[in-house]
Amino acid sequence: MLKSVAAALVATLHAASGLPVCAQNLPAPAATAFVVRNARVFDGVRDRGVTDVLVVGERITAIGRALRVPANAMAIDGRGKTLMPGLIDAHTHSYGEALRTAIIFGSTTQLDQFSDITVATGIRTRQAAGEMLDVADLFSAGTLVTSPKGHGTEYGMVIPTISAPSEAQAFVDARLAEGSQWIKIVYDNGSAYGMSIPTITKETMRAVIVAAHARKKLAVVHIGDLAGARDAIEVGADGLVHLFVDSAPDAEFARVVAQHRAFVVPTMSVLESVSGSPSGVSLVTDPLLAPWISSDAATNLKTGFPRRAGSRAQYAHAVATIKALKAAGVPILAGTDAPNPGTWHGVSMHRELQLLVDAGLTPAEAIAAATSVPAAKFLLADRGRIAVGLRADLLLVTGDALADIRATRNIAGVWKRGVAVNRAPEREAVLAATRAATAPPSDALVAGDVSDFESGKPDAKIGFGWMVSTDAMAGGKSVAAMSVVDGGANGSTKSLSVTGTLDAGLPYGWSGAMLLTGKAPMQPANFSSKRELRFWAKGDGQTYTVMLFSQARGQQPLTRTFVSSSEWREIIMPFTDFGIDGRDIQGLAWTLTGRPGSFALQVDDVRLR
């Protein structure tokens, strides 16, 4: 649901190398004009037929047949294409490259349901200043409302929690003061998935909803089962940000939701993954999408949730509930819950639309669920529709998306505030990574020697080189230092010293040093001609972890451990022990993980043999 150790580590690498964590943010350009001619226009609410749409600057200024346009307006041929509003993902968790990735696949707005409020507030400030035109807009619930040790506390972020109804108003006011734009509540004990998690009481949930409404803010609820969904609607939730898969809906559920005028963000993609079928598998092989899907994204899309003993999850229950909600007239919003297993930012919206149609919505209803409906429910009055005066957040696709929802995948153009999004760099990055992974073995390492530190510097014969790596970018407070010191293995004169402190604040914290094996941070290098990692180490007697990053494994580090001793000892780790063949190694990290405290480690004579 939030950043993993690997995702945070990747962010650390980019930051340390001076590379941008997201794409270059562009200043607002001078006003330009363009017209899309003869496209089938779905305005977010209804089919406008084949017509023209004129954009001047960042706004839609006219809609109609054979429009007269300014002389400098660029004409875009819309014949055989569908023009619709930019997609709005109503359930994401956005960090790192998420906003850039989302817009590449036509999602121009992300409704974040829990992330770092400081980061989210900073992004929104830049949005308001007219910056960040090449990434999706972000709106966020910020810090969620959960109980001590409840869902949302397991990701390493230290967050406030609530224990009683009497705390509700102060708790909500604190979230709004931080910058939360609506209130997101967790009411889920995990039992539907074979888990046992503390959660707030129904009375506390009611008090939080009342407190949010007292400040004229929406209150939405994460639920895990039918009983929880009924409770949330009964106490006044404005919306559910998941559906349930533990049972079929009872005969009254949809009617009760409609009666309370609540909406539902079902997150069908993640429910499919929770129920045992990784939702994104088909996206990875779709030729319309694959050229823009990175290896990290592909790995996550093909990954499912572990199915625990006692899980009652059956995806068919969610499908039955969608049918009942539609029949009752309940507003349905499209949301992916990216980047949970089986999902990824932007691209999973296309799977979500397909799943909604498979569950009984028409293509027009599904597209409305991803445009006008979330804009209306989350009070985003300037977007979600193609109408005169609104922002020109647009998605143009080849084919008739109102006849076949899969046409949304055939993207011909994306615009945010009237500015065309350049999708080419992402495609080239995917192609470059593929070329690197399939390149012949590196000839820069014929002998296999990587680093002996005899130069007195932390240098390497391959790749980008060595750097300190800690969990600081994940919100941790671990520290590390790296230097070349006197005294090495096998009678040599120098070695690499890595010292520091592993902080107790994160359950997945790390601290140490990393060797980036590619020419740029996290660029893969092919060492398939080698079979193992060898190095000498000595230290303080603690157990250390070697993290190996392989492009094919995405952002999940592969790990092996070793115990240091007061004397130099050679450590040999075959690639097969990591489950790889060495052809796409992105980096190797020597770290302390697990038990917090100070550490001191020396490494020497690093080789790939």
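Two strands are taken to pair if DSSP finds at least two bridges between them. On that basis, this predicted model holds an open sheet of five strands, lined up in the order 17-20-25-22-23 and paired in antiparallel fashion. Strand 17 (465–470) and strand 23 (558–563) sit at the edges; each has a single partner strand, so one side of each has no neighbour in the sheet.

Strand 23 is tied to strand 22 (residues 543–550) by six bridges, and the two run antiparallel. Within this stretch, Met-547 is found opposite Thr-559 of strand 23.

Elsewhere in the chain numbering, a pair of helices comes into view. Helix 5 (residues 202–214) and helix 6 (residues 226–234) have axes that come within 9 Å and cross at roughly 40°. Angles under 35 degrees would count as roughly parallel and those from 65 to 115 as roughly perpendicular, so helix 5 and helix 6 end up oblique to each other. As for handedness, the crossing of helix 5 and helix 6 is right-handed.

What do the two helices bring to the contact? From helix 5 come Lys-202, Met-205 and Ile-209, and these meet Asp-231, Ala-232 and Glu-234 of helix 6.

Methods: Residues numbered from 1 in each chain as written. Predicted model: local features only at pLDDT ≥ 70, side-chain atom pairs only at ≥ 80, totals over all residues. Heavy atoms only, no water. Axes fitted to C-alpha atoms, helices over the stretch in contact; angles between N-to-C directions. Helix = DSSP H or I, 4+ residues; strand = E, 2+ residues; numbered from the N terminus. Parallel < 35°, antiparallel > 145°, perpendicular 65-115°, else oblique. Left-handed = near helix turned anticlockwise from the far one by under 90°. Contact = heavy atoms within 4.5 Å.
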